[in-house]
Structure formats: C-alpha cells, structure tokens
Amino acid sequence: MSRFLSERLKALEPYTPGEQPQILNLIKLNTNESPFPPSQKAASYAAAEAEKLQLYPDPECRRLTEEIAKLVGVDPCEVLVTNGSDEILNFAFMAYCDSKKGAAFPDITYGFYKVFAQLGGVSYTEVPLDKDLKINLDDYKGINKTIFIANPNAPTGIFIEPEEIEEVIKSNPDSIVVVDEAYVDFGGRSCIPLIKKYDNLLVTQTFSKSRSMAGARLGFGVGSKAIIQDLNTIKYSTNPYNINRMTMAAGLGQLLDEEYTQANCKTICDNREYTKTALAELGFEVTDSKANFIFAKHPKIGGEKIYQGLRDRKILVRHFNAERICDYNRITVGTREQMDALINAVKEILREEL
Ligand code: PMP
C-alpha cells in the first residue's frame with residue numbers, strides 16, 4: 001500500500017476471485033463457468049466486430065438492450081446492460097446505499113456484496129442463514145434496508161420461489177430489493193415479472209453462466225424505468241462505454257441462438273442431478289442446488305482435505321474458509337465426462353481416507 005491511498009480504503013479487503021490457473025489438462029470446476037463454448041453466432045459476430053475496433057461502441061447498447069428486453073418480456077427502457085452483473089450490483093450499491101441507508105444480505109452469499117458495501121463506506125447487516133443454510137425471508141420483512149438476495153443463493157444453490165420473495169419486496173416499500181439471478185437459468189424462476197408490480201425491485205442476470213460468456217463480461221439489470229434511469233446516471237458518471245463492441249456483438253449472437261443456450265442448460269441440470277445422486281450414494285450431504293454447481297460435504301472428511309485430494313488429481317473445485325461452510329466444497333457442474341472424472345477421484349479419496 002502506498003502512503004497516498006485514501007484513508008477510506010485502507011482497510012478494504014478486495015474480493016478474491018476463484019483461481020484461473022494455467023495448468024494443462026486441469027478439470028476446472030471452481031468458478032461456475034459453462035463447460036460449453038458460446039454459440040457459433042456469438043463467436044462469428046464478435047469476430048466481424050473486431051474489424052471496427054477503431055470506433056467507440058454504442059453507449060446505449062440499443063440493439064442488445066432490445067433483444068434482452070424481448071427475451072425477458074419487458075420494455076427496453078426497463079433494462080440496463082453492464083460489464084458483467086458485478087457492474088450492475090456495484091451500481092446498485094452506489095445508487096441505493098449510503099451512510100443513512102444501509103444494506104442487508106445473508107452472511108453466506110456472494111462475497112462481492114460485502115466488498116461493494118465496504119468500498120462505498122456503506123453500513124451493512126449480514127443476516128445469518130438458518131441451520132439448513134437457507135435464507136429466512138422473515139428476517140428481511142420490513143427491515144428497511146437495501147436488500148441483496150442471490151436467488152439461487154451462492155454457494156448453496158438453494159432457490160426461493162418468487163412468490164415468497166414478493167413478500168419481502170412488498171414489506172419494504174421504501175427500500176430497493178435487488179434479486180441477483182446469476183444462476184436462475186438452471187431450474188429456477190425469475191422475479192422479473194414482478195417489476196411491473198413493484199417500483200422497488202431490481203433483478204440482475206448475467207451472460208457468464210447459462211450463456212457461456214464469462215470471458216466477455218456481460219450482465220444486465222431489469223427494473224422500473226426510474227430505477228434504470230438512476231443506474232444510467234451512475235453508468236454515465238463512471239464509464240459510458242462500459243460494453244465493448246465485441247462483447248456487445250457476441251451477446252447479440254448468443255441471444256439469436258437461444259435454443260443452443262436452453263439445450264446447454266438442460267444438459268447441465270441433468271449432469272447436476274446425476275452428480276448429486278452419485279455423491280449422495282457416496283455418503284455426501286448435498287444441498288438442493290438449482291444452480292450450475294453442487295455444494296457438498298462429507299460427514300467424515302473435511303472440506304479442505306477433499307479440495308486438496310481433488311487438486312492433486314488435477315480437479316479444481318472451490319473451497320471457502322468461512323467457519324460455517326468450511327466442510328463443504330462448491331463444485332461447478334461440467335460435462336458428463338468431467339463429472340465422471342470427479343466422481344472417480346472422490347471415490348479414490350474416500351478409499352484413502354476412510
Ligand atoms: N452474482 C453471483 C451470485 C455470482 O456468483 C457471480 C459470479 N461470480 C456474479 C453475480 C457476477 O457474475 P458476472 O460479473 O460474471 O456477471
């Protein structure tokens with residue numbers, strides 16, 4: 001740290017992204033990427049756009065915004081496209097939290113919420129998950145803070161029905177509720193239709209998971225026209241050209257091949273259930289994940305030990321040190337071959353350890 005760093009930032013603990021190792025032949029199941037490449041259309045549209053990189057991109061992302069609006073059934077003025085959904089989450093913290101209006105989110109959830117809160121000097125409340133690692137929505141009713149709920153939650157994968165989340169939205173009419181739906185395409189149901197009914201709801205989604213575009217950085221938010229205006233104020237005050245030309249073109253190509261996305265989602269859901277069953281048969285406790293990852297612990301072998309045993313066998317999963325979840329590992333759902341390799345590696349570890 002230099003001696004010039006703002007006093008405000010000296011204690012900031014940045015987000016630690018999952019490892020992106022350069023090891024050959026590694027089965028990478030640690031950052032919830034898709035095992036499938038993006039659509040051919042995404043790749044060819046991006047390549048064509050590369051020819052025009054001397055020009056700034058459309059700051060309004062008109063064509064892509066229209067296509068997203070069509071996909072999710074809202075008006076284009078109710079959509080804002082961002083550089084990954086991380087960016088729209090950051091915008092939401094900037095727009096709707098300050099020293100007076102604090103944030104509330106679960107104690108076990110996407111780690112970036114806490115970082116955004118700290119970055120903005122926002123007070124925040126971490127609401128404990130219940131003993132089954134579920135979000136207890138009653139804790140949020142009438143809390144009168146800006147609420148962030150990942151649905152499905154990460155890293156548990158547990159999904160809450162929109163009708164239940166609606167009660168939280170309804171009971172906090174003077175606070176924004178942000179529903180982070182990064183993983184909703186793997187068997188969940190979106191809260192987006194509720195934006196027509198509530199002016200305090202912002203739903204965020206990403207192209208990083210179900211749409212195989214983590215490397216392109218593309219996300220979006222859906223909310224009332226007024227909310228989108230607020231978030232645009234922040235966008236135009238920080239980075240008006242937040243989506244580069246190639247990403248914008250790739251996103252459009254991907255949306256024009258929705259059947260491919262849906263087929264991949266179905267394969268991932270099938271592979272998830274297959275792996276959950278196999279792990280349960282081996283004695284693991286697995287949460288009821290509706291995401292593209294599995295959250296699993298073994299009653300007799302610690303999470304770190306399993307993580308390391310898998311790593312030694314060139315399989316990378318995500319382990320968290322937080323006390324409540326350190327016995328678990330979060331395993332991204334990959335291809336059937338990758339899942340079979342994982343299951344075989346786990347069997348070897350169990351043979352060694354038990
Ligand atoms: N929300 C959740 C719950 C996530 O796990 C992630 C991915 N790390 C994100 C948002 C952000 O994803 P991206 O910025 O790639 O859209």
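**Exercise 1.** Does Asp107 count as buried, partly exposed or exposed, and at what relative accessibility?

*Solution.* The model is predicted: local features require pLDDT of at least 70 and side-chain atom pairs pLDDT 80 or more, while totals for chains, interfaces and linings use all residues. Residues are numbered from 1 along each chain as its sequence is written, and side-chain values use heavy atoms, without hydrogens and water.

Step 1. The classes are buried (under 20% relative accessible area), exposed (over 50%) and partly exposed in between, with a 1.4 Å probe and protein chains only.

Step 2. Asp107 has 26% relative accessibility and therefore counts as partly exposed.

**Exercise 2.** Identify the salt-bridge partner of Asp107 and locate both residues.

*Solution.* Step 1. A salt bridge requires a side-chain nitrogen of Lys or Arg within 4 Å of a carboxyl oxygen of Asp or Glu.

Step 3. Helices (H or I, at least four residues) and strands (E, at least two) are DSSP runs numbered from the N terminus.

Step 4. Arg324 is partly exposed, at 37%.

**Exercise 3.** Characterise the salt bridge between Glu273 and Lys276.

*Solution.* Step 1. The N to O distance is 3.2 Å.

Step 1. Both residues lie in helix H8, 3 residues apart, about one turn of the helix.

Step 2. Glu273 is partly exposed at 33%, whereas Lys276 is buried at 8%.

Step 3. Shared partners join Arg272, Glu273, Lys276, Asp288 and Lys290 into one network of salt bridges.
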